[in-house]
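Please look over the sequence and the predicted model shown below before reading on. The report that follows describes the chain as a whole and then some of its residues.

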Amino acid sequence: MSENARAVLISAFPTHLVDELIASYQEAKSNFHRGGHRLSAVEGGRFCEAAFRIVEHIVTDIHTPLGDNLDTEKVISKAAAQPKSQHPKSVRIYIPRALRIVYDIRNSRNAAHLADEIDANLQDATLVASVLDWVLAELIRLSKGTTPEEAQKLIEDVVTRRVPGIQDFANFPKVLRTDLRASDRVLALLYRRGTQGVRYPELLQWMPNSMRPNLRRTVRMLDEKALVHLADETIQITFTGQHVVESKRLLEPI
């Protein structure tokens, strides 16, 4: 999670709620991409506990302390009853209803099997992950702690999936899978970098020595296939490239 995103959120919301929101978001997304779908749904419920309290704080200036029982129906009703002139529809309607879906999946479905023995964990976790992305991005937008242009970039970076296949060492992203060929490694690194993209000299430093001599050819090939976009030495992954990374599960460690 970008420290800038955290700074924007705590400019508008209580720090301890933001930290709980971010921690549960990161854990839910990490579990989702590791295949821990039941745990992803559980962490989604924890995310909702923090997000509901943020909504409660927005509309009442106070919130139920963490650890105390939270009356989510009361929060939903209170938010819906707010005057349109005081709070946007996202606060009054959209966010509480989105959180209710995730909360119910955690509590009612218990992230377990249906009675007909069809495993619903994957579809539930997919829904949970998408809702968490949207709610977090919406809270960043509503916080107004940055310019509209900066907020949009933070939102785009938030919804770029964070996965455990790359580990950062002093701003050096190390791909943990040694079996990836050069083109797949480039896509994995660009996926992790998000909307910012990577300058070619920086990407060169991130690649193993054996892959550096042919890196320009690799990047040009990916550009020709519309998997990346190359402009003025900056390389960004395309939607098609993101799909390749996700469908081939390139960022999952062995």
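Which residue lies over the face of Tyr 200? Arg 216 does, at 3.8 Å from the ring centre; a charge is taken to sit over a ring if NZ of Lys or CZ of Arg is within 6 Å of the ring centre and within 35 degrees of the ring normal.

This is a predicted model, in which local features need pLDDT of at least 70 and side-chain atom pairs count only at pLDDT 80 or more, while totals for chains, interfaces and linings use all residues. Residues are numbered from 1 along each chain as its sequence is written, and side-chain values use heavy atoms, with hydrogens and water left out.

**The chain and its confidence**

The chain has 11 helices and 5 strands, where helices (H or I, at least four residues) and strands (E, at least two) are DSSP runs numbered from the N terminus. Of its 254 residues, 46% are buried; buried means under 20% relative accessible area, exposed means over 50%, and partly exposed is in between, with a 1.4 Å probe and protein chains only. The accessible surface of the chain comes to about 13,100 Å², and carbon and sulfur atoms hold 50% of that surface; such areas come from the Shrake-Rupley method with a 1.4 Å probe, and for residues only the protein chains shown count as cover. Among contacts with a separation of 6 or more, 60% are between residues 24 or more positions apart, contact meaning heavy atoms within 4.5 Å.

The mean pLDDT of the chain is 83, and 83% of the residues reach 70 or more; pLDDT is the predictor's confidence in each residue, from 0 to 100. Over residues 111–119 the pLDDT is below 50, and this stretch has 11 contacts in the model beyond near neighbours in sequence. Where pLDDT is low, the predicted coordinates should not be read in detail.

**Two nonpolar cores**

A nonpolar core is a set of buried Ala, Val, Leu, Ile, Met, Phe, Trp, Tyr and Cys residues joined through side-chain atoms within 4.5 Å. The largest one has 38 residues, and those with the most contacts inside it are Leu 9, Leu 21, Phe 47, Phe 52, Leu 99, Val 135 and Leu 139. Two or more residues of this core come from each of helix 1 (3–10), helix 2 (15–34), helix 3 (37–60), helix 4 (72–80), helix 5 (89–109) and helix 6 (121–143). With neighbours within four places in sequence left aside, Leu 9 is in contact with Val 18, Ile 22, Leu 136, Leu 139 and Ile 140. A second, separate core of 27 residues includes Ala 188, Met 211, Leu 215 and Val 228.

**Aromatic pairs**

The count of aromatic pairs comes to 2, where rings of Phe, Tyr and Trp (its six-membered ring) pair if their centres lie within 6.5 Å, and planes under 30 degrees apart count as stacked, over 60 as edge-to-face and the rest as tilted.

| Pair | Centre to centre | Angle of planes | Class |
|---|---|---|---|
| Tyr 25 and Phe 47 | 6.3 Å | 50 degrees | tilted |
| Phe 52 and Tyr 103 | 5.9 Å | 85 degrees | edge-to-face |

Phe 52 lies in helix 3 and Tyr 103 in helix 5, so this pair ties together parts that are 51 residues apart in sequence. Phe 52 is buried at 0% relative accessibility, and Tyr 103 is buried at 8%. As for the other pair, Tyr 25 is buried with a relative accessible area of 2%, and Phe 47 is buried with 0%.

Val 186, placed in helix 8 (residues 182–193), counts as buried at 0% relative accessibility. Not counting residues up to four places away in sequence, Val 186 touches Leu 203, Met 207, Leu 215, Thr 218 and Leu 222.

Val 228 is found in strand 4 and is buried at 3% relative accessibility. Beyond its neighbours within four places in sequence, Val 228 has contacts that include Leu 187, Leu 190, Val 219 and Ile 235.

Most residues other than glycine have a negative phi. Asp 232, in the loop between strand 4 (228–231) and strand 5 (234–237), has a positive phi of about 55 degrees although it is not a glycine, and Asp 232 is exposed at 71% relative accessible area. Glu 233 is found in the loop between strand 4 and strand 5; its phi is positive, about 70 degrees, and Glu 233 counts as partly exposed at 29% relative accessibility.
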